[in-house]
Amino acid sequence: MTKVVLMSDNLLQRSVTTAVARNLANTTKTSPKMMSITPRWLLSLLPWVHVEGGTYRVNRTKVELSKAERIAVELLNGDPTLSPDSLRSVPLFSGLPTAITSRMTTRFRTEQVSMGNKLVVEGEDGNKFFIIAQGQVEVLSKGVHGSDLRIALLTDGEFFGETDLVSDKPSDVTIRTLTPCIFLSLSRRDLDAVLREIPNFNEDFERAIAEHLELKSAVNRYGERNIDLVSGFAENVEIPETFVDYSPSPREYSLSSVQTVVRVHTRVSDLYNGPYNQLEEQMRLTIEGIKERQEWELINNKKFGLIHSVDPAMRISTRYGAPTPDDLDELLALVWKKPAFFLAHPKAIAAFERECTWRGVPPVTMNLFGTPVILWRGVPIVPCDKLEMKSRYQSNQWFGTTSILLLRIGEADQGVVGLHQLGIPGEIMPSLSARLMGLDSLGVASYLLTTYFSAAVLTDDALAVLENVEVGYYHDYESGVTKGFEGGLGI
């Protein structure tokens, strides 16, 4: 006779329930998933160079004329301070004696200027040297058609007007503040007062300036001495003699490392290895974490990271905050010799796409390793979340400002290369090793995982950066107003 069981919901149970039947069934399982794994396209796109002995030396031609560097200005309670050595970042002052630069720094004055003010006017005498402690200015010049053309944007640490101190010629540019700014300024009157303090100061100053101007006329725009050549059809022309000098102190890159120890209890690895091997899964997930940190280091490490390796002349700022097609065109004009790819935070790419949509020029896409990415002027814009976001909103690090990089890659093209060493002991991947360290008294096995790597920029024009990229602007297509990410005030 069939037994009928009364169920709790007053229905008759006519068969075994699915809840208890599941106890007899096999469960299909997945391998462990980890949200922090990213595509890591930078690791795939960089050409990797085998480095013997753990050191890579980049030999370059000798740079005779130092390039302009950003001046380190510290704000203490809102007041900018300047060290005497920092004035040597200005090529015109790089040969001055320390006694002069020390006295010059004491004569700088602090100026706070509101947005939209002209500091230098084209055709007029400037007679003042400015260092930007905080803010942004634009450099304008009259074109051949009489219109004001923006030829540069300058921001924190950059400077202008140094030639006005040593020349009586009127300025050939107009410089206007784009934001409220704080400057350190030195007038010609204050400089003359410094040079009168000690009798030989004026002679030393004029000699250093003259030597700089003479050297400037003998080098190319990269600061390298010109190679003497002769061309033409004339006969009986003396052929010049020349040679190419090398830098006496080439930069060397030592391989950095990322290491960790994976610990797995032997009881776990002995008994619980089906359907997934416990040791293999522990190793796999740890290696994913190592690779994520490796890519972060390649971008942000202060010794060799790409962000910190950009030459000052290859740094530009956005015109209006949001990344526009004009800004990326400026990057392409800097890295114009075979640019390989842009590298940008996903939020920066989204902000750029919004600007393209606003202008009616949506970028095309291509497949990169099976994933669609957008192109600008035929150059892929590769997403990477390791480009850090600077935000005043501590609770949300996905809004604020970031940077966009543009790279040329490869040794043959004097670009950016990754560095590693192959054939290391215990190697399980290129330049990544796993070594058994032993068992402890509790039966826990320890494995040392290590990867060795670095990156090198072979020439300064292989890498450029767009700074101060604001990612929080959105367009209101009905009213024509641009809004912040919180839907705040229109700008």
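This is a predicted model: local features need pLDDT of at least 70, side-chain atom pairs count only at pLDDT 80 or more; totals for chains, interfaces and linings use all residues.
Which residue in S11 is the bridge partner of Lys-142?

The partner of Lys-142 is Asp-148, over in S11. That pair belongs to strand S10, residues 137-142, and its neighbour S11, which run antiparallel and are joined over six bridges. Elsewhere along these strands, Glu-138 stands opposite Leu-153 in S11.

How many residues sit between the strands in the hairpin of S10 and S11? Five, and Gly-146 in that hairpin takes a positive phi near 90°.

Now zoom out a bit. S10 and S11 are part of an open sheet of four strands, in the order S8-S13-S10-S11, with antiparallel pairing. At the edges you find S8, residues 118-120, and S11, residues 148-154, and each of those pairs on one side only. If you follow the sheet across, the twist averages 30° from one strand to the next.

Okay, helices. When two helices pack, we describe them by the angle between their axes and the distance between the axes. Take H4, which covers residues 188-197, and H5, which covers 201-217: their axes are 6 Å apart and the packing angle is about 120°. Are H4 and H5 perpendicular or oblique to each other? The perpendicular range stops at 115 degrees, so with their angle of about 120° H4 and H5 come out as oblique.

Who's touching whom there? On the H4 side it's Leu-191, Val-194 and Leu-195, and they meet Phe-201, Asn-202 and Phe-205 of H5. Sort that contact by class and you get five nonpolar residues, one polar and no charged ones.

H4 has another partner, H3, residues 98-105. The axes of H3 and H4 come within 10 Å and cross at roughly 135°, and that pair is therefore oblique as well. H3 passes H4 in a right-handed crossing. From H3, the contact uses Ile-100, Arg-103 and Met-104, while H4 brings Leu-191, Val-194, Leu-195 and Glu-197.

As a rule, most residues other than glycine have a negative phi, and most peptide bonds are trans. With that in mind, where is the cis peptide bond? It joins Gly-274 and Pro-275, with omega at about 0°. Pro-275 sits in the loop between H6, residues 266-271, and H7, residues 278-300.

Then there's Ser-431, which isn't a glycine but has a positive phi of about 65°. You'll find Ser-431 in the loop between S24, 427-429, and S25, 432-439. Is Ser-431 buried or exposed? Its relative accessible area is 1%, so Ser-431 counts as buried.

Asn-468 also has a positive phi, about 55°, and again it's no glycine. This residue lies in a strand, S27, residues 463-470. Asn-468 is partly exposed, because its relative accessibility is 37%.

Last stop: two residues and who they sit with. Leu-184 is in strand S14, residues 181-187, and it counts as buried because its relative accessibility is 4%. What is Leu-184 in contact with, leaving aside neighbours within four places in sequence? The list has Val-73, Pro-80, Leu-82, Phe-108, Arg-109, Thr-110, Phe-129, Phe-130 and Ile-131. And if you look at Phe-159, 25 residues apart from Leu-184 along the chain, the two C-alpha atoms are separated by 9.4 Å.

Finally, Ser-36. This one is in the loop between H1, residues 18-21, and H2, residues 41-45. With a relative accessible area of 44%, Ser-36 is partly exposed. How many residues apart along the chain are Ser-36 and Glu-292? The answer is 256, and yet their C-alpha atoms are separated by 8.1 Å.

Technical notes
Residues are numbered from 1 along each chain as its sequence is written. Side-chain values use heavy atoms; hydrogens and water are left out. Two strands pair if DSSP finds at least two bridges between them. Helices (H or I, at least four residues) and strands (E, at least two) are DSSP runs, numbered from the N terminus. Axes are lines fitted to C-alpha atoms, for helices over the stretch in contact, and angles run from 0 to 180 degrees between N-to-C directions. Angles under 35 degrees count as roughly parallel, over 145 as roughly antiparallel, 65 to 115 as roughly perpendicular and the rest as oblique. Contact means heavy atoms within 4.5 Å. Ala, Val, Leu, Ile, Met, Phe, Trp, Tyr, Cys and Pro count as nonpolar, Asp, Glu, Lys and Arg as charged, and the others, Gly among them, as polar. A crossing is left-handed if the near helix is turned anticlockwise from the far one by less than a right angle, and right-handed if clockwise. Buried means under 20% relative accessible area, exposed over 50%, partly exposed in between (1.4 Å probe, protein chains only).
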